[in-house]
Amino acid sequence: NVLHFIQDPTAVLARVRAHLGPRGRVLVVEYERRSRSPWVPFPMPMSRLDMIAGAAGFAAPVEVGRRKSHYQGDLYCALLQR
């Protein structure tokens, strides 16, 4: 639950991927939001995560959970695999 604070999440995910083993996985928790705010400066809807994960060398993300956020929109969990 941090990618929405990072201006270049592709670079971060690529570095994370480099430290994973051949069957490594990462669980991403993010907000499904369309607009920026001081608390979510770089929104990460699933459609954006799909593009960024691919550019970082991961397979397409798989959504594994979702719930309403107390703050706005939804929170989702997505699994990234090498």
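User: Why is Asp74 called buried?

Analyst: Asp74 has a relative accessible area of 16%. Buried means under 20% relative accessible area, exposed means over 50%, and partly exposed lies in between (1.4 Å probe, protein chains only). The value for Asp74 is 16%, so the residue counts as buried. This is a predicted model, in which local features need pLDDT of at least 70 and side-chain atom pairs count only at pLDDT 80 or more, while totals for chains, interfaces and linings use all residues. Residues are numbered from 1 along each chain as its sequence is written, and side-chain values use heavy atoms, with hydrogens and water left out.

User: What makes the contact between Lys68 and Asp74 a salt bridge?

Analyst: A salt bridge is a side-chain nitrogen of Lys or Arg within 4 Å of a carboxyl oxygen of Asp or Glu. Between Lys68 and Asp74 the N to O distance is 3.3 Å, so the pair meets the definition. Lys68 has a relative accessible area of 62% and is therefore exposed.

User: Which residues does Arg66 meet in salt bridges?

Analyst: One partner is Glu32, with the closest N and O atoms 3.3 Å apart. Arg66 lies in strand 2 and Glu32 in strand 1, so this pair ties together parts that are 34 residues apart in sequence. Strands (E, at least two residues) and helices (H or I, at least four) are DSSP runs, numbered from the N terminus. Another partner of Arg66 is Glu63, at 2.9 Å from N to O. The whole structure holds four salt bridges, and a network of them links Glu32, Glu63, Arg66, Lys68 and Asp74.

User: Are Arg66, Glu63 and Glu32 buried, partly exposed or exposed?

Analyst: Arg66, at 37% relative accessible area, is partly exposed. Glu63 is also partly exposed, at 36%. Glu32 has a value of 19% and is therefore buried.

User: Why is Arg15 called exposed?

Analyst: Arg15 has 64% relative accessibility, so it counts as exposed. Arg15 belongs to helix 1 (residues 9-18).

User: What does the side chain of Ser37 reach, and is Ser37 buried or exposed?

Analyst: The side chain of Ser37 reaches the backbone nitrogen of Val40 at 3.0 Å. Ser37 is found in the loop between strand 1 and helix 2 (46-55). With a relative accessible area of 17%, Ser37 is therefore buried.

User: How confident is the predictor in the chain?

Analyst: The predictor's confidence in each residue is its pLDDT, from 0 to 100. The chain has a mean pLDDT of 92, and 99% of its residues reach 70 or more. Among the elements, helix 1 has the highest mean (97) and strand 1 the lowest (94).

Methods: A polar contact is a pair of N or O atoms within 3.5 Å; within protein, one must be able to donate a hydrogen and the other to accept it, and residues adjacent in sequence count only if both atoms are side-chain atoms.
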